[in-house]
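Trainee: I would like to go through this model with you, one element at a time.

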Amino acid sequence: MGNCKKVLQAYYKGLYDIEDVKLLQMKNMQRIILIAMCIVALGALAFGVYEFKGEFSQKQKTRVAQVSVQTLVPAVSPQPQVTPTPTLTPTPTPIPLPDPAVYGPCKNIPVLMYHHIQPWTEAESKGQKSLTVKNDVFSAQMDYLVKRGYTAITPKQLHDALTGMNPVKPVLLTFDDGYADFYTYAYPELVKHGFKATMFLSTGLAEGADYLKWSQISEMHGSGLITFANHTWSHKNLGKSSLEMAKFEVDTAKTQLEEHGLGPVTAFAYPYGTEGGSLIYGVLKDAGIKVAFTTIPGSYQCAKLPYDVRRTRVGNSSLSSYGL
Ligand SMILES: [Zn+2]
């Protein structure tokens with residue numbers, strides 16, 4: 001390579017300015033051959049460096065991909081229930097309103113809770129009648145909200161409302177568990193009406209039979225209308241879990257939602273509506289949760305009860321019968 005340097009210097013500077021006796025003594029043909037060999041050698045070297053860089057960046061990419069996949073695989077592995085069976089809210093019994101002097105200020109912000117939206121025939125064949133609102137009834141309910149001037153808001157907007165903002169006629173549309181019929185029947189209605197909605201996803205159940213696919217979730221998230229939020233990894237009853245298990249369930253769901261570009265995740269819904277006490281609040285707080293949704297009926301939301309948001313379970317009646 002030392003010779004190549006001299007030869008190329010000579011090539012650029014003009015052969016006769018060079019003080020190398022050997023070079024000057026070479027015949028023209030020898031010099032041409034030497035220059036050609038040097039060009040080939042340098043070309044090969046440059047190509048080798050390029051290839052090496054390519055291989056390196058490919059290796060890096062692979063490693064990043066592996067890391068990314070690794071974070072999706074939970075360290076311990078309780079298998080998600082294939083079919084979580086959320087229990088119905090027991091017949092609503094009057095629940096005393098929280099005292100605004102202690103928990104306030106409090107505001108009337110209805111949060112509607114849905115599970116399945118589908119034709120009745122499908123609900124019958126799948127044994128899902130108790131958790132189903134018929135798709136045509138759902139469509140009429142959305143029409144009703146438009147007619148009455150409601151604005152569908154996000155969990156973040158609910159949090160803002162608890163801490164001072166005053167949205168006009170707000171309502172939250174929430175859906176639990178991540179069933180496939182949400183994509184087929186509810187989402188098109190939400191798009192048609194321009195309504196925002198929140199889907200509480202048990203992330204370990206995604207891609208399962210009768211559950212949403214991640215590709216559908218991404219598509220809906222991309223519309224800007226749907227907020228995907230934490231509903232644990234395996235639809236775990238946190239009221240019956242150890243603190244360690246609760247943390248694993250909440251954190252794994254958070255990680256998976258964020259890995260799919262759905263973060264930051266600031267809302268949570270308790271599977272089976274079971275709150276599990278103040279220690280669970282700590283787990284939620286550590287996971288960045290700002291508002292947590294219960295199945296406690298009511299629409300009176302208080303600033304000092306952000307992990308205790310009331311919801312209205314909606315059935316197949318007009319929304320006027322639920323106080324809207
Ligand atoms: Zn659920």
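Predicted model: local features only at pLDDT ≥ 70, side-chain atom pairs only at ≥ 80, totals over all residues.

Mentor: Residues are numbered from 1 along each chain as its sequence is written.

Trainee: How many residues of β6 are buried?

Mentor: Helices (H or I, at least four residues) and strands (E, at least two) are DSSP runs, numbered from the N terminus. A residue is buried if 20 or more other C-beta atoms, placed from the backbone, lie within 10 Å of its own C-beta, exposed if 12 or fewer, and partly exposed in between. Strand β6 is largely enclosed by the rest of the structure, because its buried residues number 8 of the 8.

Trainee: Which residue of β7 is the bridge partner of F175?

Mentor: Strands pair if DSSP finds at least two bridges between them. β6 and β7 run parallel, with 4 bridges. The partner of F175 in β7 is M199.

Trainee: Which residue of β6 stands opposite A152?

Mentor: Strand β5 (residues 151-152) is parallel to β6 and joined to it by 2 bridges. Opposite A152 stands V171.

Trainee: Within what arc do the buried residues of α7 fall?

Mentor: In helix α7 (residues 155-162), the buried residues are P155, L158 and L162. They line one face of the helix, because the directions from the helix axis to their C-beta atoms fall within an arc of 55°.
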